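The sequence and structure come before the discussion.

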Amino acid sequence: MGNTLAEKVWESHIVRKGEVVGSEAQPDLLYIDLHLVHEVTSPQAFEGLRLAGRKLRRPDLTIATEDHNTPTLDIHKPIADPTSRTQIETLRANCKEFGVRLHSLGDAEQGIVHIIGPQLGLTQPGNTVVCGDSHTSTHGAFGALAMGIGTSEVEHVMATQTLSLNPFKTMAINVEGTLKPGVTSKDIILAVIAKIGTGGGQGYVLEYRGSAIRALSMDARMTICNMSIEAGARAGMVAPDETTFQYLQDRPHAPQGADWDAAVENWRALRTDDDAVFDAEVFLDANELEPFVTWGTNPGQGVSLSQAVPSPDDFADENDKAACNRALEYMALEAGTLMKDIRVDTVFLGSCTNSRIEDLRIAADIIRGREKDPAIRMMVVPGSARVRLEAEAEGLDQVFKDFGAEWRFAGCSMCLGMNPDQLAPGERCASTSNRNFEGRQGKGGRTHLVSPVVAAATAVRGTLSSPSDLDPLPPAAHLASTNHAA
């Protein structure tokens, strides 16, 4: 029997196979190719090294950036929030002491850790990638086995460049067909989570497969893999192909010359064997998908934008009924309300899910030449300084500014409500981020997860909307190319 993609990467990184002790299998010890570091989960790990008198095992395989606590305005001024300032200053001191490459505020390569890894070519097919952040699953879009780890595991990787892990099960997410205009990768992953639930992927590595996945750009694949964690999975992966290779070629840390040719030849073998068997499979018809939006307080509480807010009576399971009741109360929604009738106060375009250059382009295409609903506040936060510079070179910043949106510097921003980038109690937001938990974007804030095109259309109309609701309709060419590979 053949192997899945995840099994191939796992097997190629085993330093020591876990023995069976009694009836229990011990964890495998895996080699880690790339360790990404930021200011939130690293201080305790660095302190652990310091107290034990240990050095960083592989500084050359470790890279740090400032993202979670970074302000997105006035970045050249001292950070006003004392906690954020302390965490940033601590990261800078630790990186200097242990010889870690750091991209700080003002650096052209600074940004959200899951944006800069791929843009620098550090994320490559067949690699193991870890970071003290759950959305490390993003890097699986390249055929890497990428996962978030805890603080003690961060220290273990720093000290040994290895990680002790129990093997995962594998699940195939098969998405066949062609997306309709205006339907994006964000809608695919929200539909997947709604189908299997926020715990449906627990214990699994998800592999996204099928014609609809192969048609996606790398930016779009990263969006899908990013939210694998919201389905409860440890990681998400897409097999590398020509789209992957085209994205990586000539990036700063990608192989060059003969090394590139050899790497691509090896990467082509990183696909699930025809006779491999997954532990579970899920099927989704891309032809039937519509723009998706969440109504509740977890990413699995979502419906098509054309539908209505569900009722607790729509759920058979008593726990689901109770969860629906709690979510409707927190979100101040009534069952039966059409999703398109829900008015929002804020639109947030950003986060490691949807802040890449492609996300900014497709949102700009929707709003170009239009007027923003005057009651809406819109924040646009590029995922990295490099993305921001690229957007400004294309004039996208001016499109957003002319529309009345705030054009910010790179960072995690309102995704987790850091610094002043927060919702006020009761404020409702259409957000391109990944989590809609209670208080996630600010105490008492209410979040609806959406795609960049839905975010843009919502900013125009003031209520949750898709581009097809606009008058006149956006150019068909812009919608048809949404998230598709070149």
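Leucine 36 stands opposite isoleucine 63 in strand S6. The model that shows this is a predicted one.

On its other pairing, S6 is joined by three bridges to strand S7 (residues 101–103), and S6 and S7 run parallel. Here alanine 64 stands opposite leucine 102 in S7. S6, helix H3 (residues 82–98) and S7 make a right-handed β-α-β unit.

Is strand S6 covered on both faces or on one? S6, residues 62–65, is covered on both: Thr62 and Ala64 are buried on one side, and Ile63 and Thr65 are buried on the other.

In soluble globular proteins, nonpolar side chains tend to be buried together. The largest nonpolar core in this model has 71 residues, and Ile188 and Tyr208 touch the most other members. Helix H6 (residues 185–196) gives the most to this core, with six residues.

What does tyrosine 208 contact, leaving aside its neighbours within four places in sequence? The contacts of tyrosine 208 include the isoleucines Ile173, Ile189, Ile213 and Ile224. Also in contact with tyrosine 208 are Cys225, Ser228, Gly236, Met237 and Val238.

A second, separate core holds 49 residues, among them Leu305, Leu349, Ile367 and Leu396.

**Cysteines**

How many disulfides does a search of the whole structure find? The search finds zero. Cysteine 131 is in no disulfide, and its nearest cysteine sulfur, in cysteine 352, is 9.8 Å away. The closest cysteine sulfur to that of cysteine 352 is in cysteine 415, at 5.9 Å. A disulfide requires sulfur atoms within 2.5 Å, so 5.9 Å is too far for a bond.

Cysteine 131 counts as buried because its relative accessibility is 0%. Cysteine 352 is buried as well, at 8% relative accessibility.

**Salt bridges**

The whole structure contains 23 salt bridges.

| Salt bridge | N to O distance |
|---|---|
| Aspartate 28 and lysine 17 | 3.6 Å |
| Glutamate 406 and arginine 377 | 3.0 Å |
| Arginine 408 and aspartate 421 | 3.1 Å |

The salt bridge between aspartate 28 and lysine 17 is formed by their side chains. This pair links distant parts of the chain, eleven residues apart: aspartate 28 is in strand S4 (residues 28–31), and lysine 17 is in the loop between strand S1 (14–16) and strand S2 (20–21). Aspartate 28 is buried, with a relative accessible area of 2%, whereas lysine 17 is partly exposed, with a relative accessible area of 48%.

The loop between S1 and S2 is also the place of glycine 18. Glycine 18 counts as buried because its relative accessibility is 18%, and the limit for buried is under 20%. Leaving aside its neighbours within four places in sequence, glycine 18 is in contact with Gln26, Pro27 and Asp28. The C-alpha atoms of glycine 18 and proline 167 are separated by 9.7 Å, although these residues are 149 residues apart along the chain.

Glutamate 406 and arginine 377 form a salt bridge. Glutamate 406 is partly exposed, with a relative accessible area of 27%, and arginine 377 is partly exposed, with a relative accessible area of 25%.

Arginine 408 and aspartate 421 form a salt bridge. Both arginine 408 and aspartate 421 are in the loop between S19 and strand S20 (428–431), 13 residues apart. Are these two residues buried or exposed? Arginine 408 counts as buried at 4% relative accessibility, and aspartate 421 counts as buried at 3%.

How values were computed
Residues are numbered from 1 along each chain as its sequence is written. This is a predicted model: local features need pLDDT of at least 70, side-chain atom pairs count only at pLDDT 80 or more; totals for chains, interfaces and linings use all residues. Side-chain values use heavy atoms; hydrogens and water are left out. Buried means under 20% relative accessible area, exposed over 50%, partly exposed in between (1.4 Å probe, protein chains only). A nonpolar core is a set of buried Ala, Val, Leu, Ile, Met, Phe, Trp, Tyr and Cys residues joined through side-chain atoms within 4.5 Å. Helices (H or I, at least four residues) and strands (E, at least two) are DSSP runs, numbered from the N terminus. Contact means heavy atoms within 4.5 Å. Two strands pair if DSSP finds at least two bridges between them. A crossover is right-handed if, with the strands pointing away from the viewer, the path from the first strand over the helix to the second runs clockwise. A salt bridge is a side-chain nitrogen of Lys or Arg within 4 Å of a carboxyl oxygen of Asp or Glu.
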